[in-house]
Amino acid sequence: MDARTDLNELLETLKQDRDELRVRMHLARMELKEEWDEAEKKWEHFKPKVDEVLRDTKDSRDEIVKSTKIIGEELKNAYRRIRERL
């Protein structure tokens with residue numbers, strides 16, 4: 001093989017790799033966006049609950065506190081997954 005053939009093969013390989021990576025990055029962005037949107041829904045539910053529990057010091061109902069903590073942990077895990085994938 002001559003240098004021109006080698007260079008042409010390298011070019012074709014790089015084009016194919018580039019196209020594949022472009023598709024994979026697009027899909028990854030879509031997946032991250034979906035995960036972010038789900039996390040935002042949980043945040044919208046979580047934040048008012050925490051505010052409510054913290055505001056009403058008399059209201060220490062265990063089920064509200066537990067469910068709020070569960071949502072908080074889910075959010076924490078979602079944010080960690082998103083951060084790791086960025």
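What share of the 86 residues in the protein chain is buried? Buried residues make up 15% of them, where buried means under 20% relative accessible area, exposed over 50%, and partly exposed in between, with a 1.4 Å probe and protein chains only. The model is a predicted one, in which local features need pLDDT of at least 70 and side-chain atom pairs count only at pLDDT 80 or more, while totals for chains, interfaces and linings use all residues. Residues are numbered from 1 along each chain as its sequence is written, and side-chain values use heavy atoms, with hydrogens and water left out.

**Overall form**

The protein chain contains two helices and zero strands, these being DSSP runs numbered from the N terminus (H or I of at least four residues for helices, E of at least two for strands). The C-alpha trace spans about 80 × 15 × 15 Å along its principal axes. Its radius of gyration is 24 Å, whereas a compact globule of 86 residues would have a value near 12 Å; the radius is taken over C-alpha atoms, and the globule rule is 2.2 Å times the number of residues to the power 0.38. Of the contacts (heavy atoms within 4.5 Å) between residues at least 6 apart in sequence, 72% join residues at least 24 apart. The protein chain exposes about 7500 Å², of which carbon and sulfur atoms supply 56%, with accessible areas coming from the Shrake-Rupley method with a 1.4 Å probe, and with only the protein chains shown counting as cover for residues.

**Core and helix contacts**

The largest nonpolar core is formed by five residues, A39, F46, I71, L75 and A78, a core being a set of buried Ala, Val, Leu, Ile, Met, Phe, Trp, Tyr and Cys residues joined through side-chain atoms within 4.5 Å. Helix 1 and helix 2 (62-85) are the elements that give two or more residues to this core, and helix 2 gives the most, with three residues.

Leaving aside neighbours within four places in sequence, A39 is in contact with L75, A78 and Y79. On the same terms, E35 is in contact with A78, R81, I82 and R85.

| Residue | Relative accessible area | Class |
|---|---|---|
| E35 | 14% | buried |
| L14 | 47% | partly exposed |
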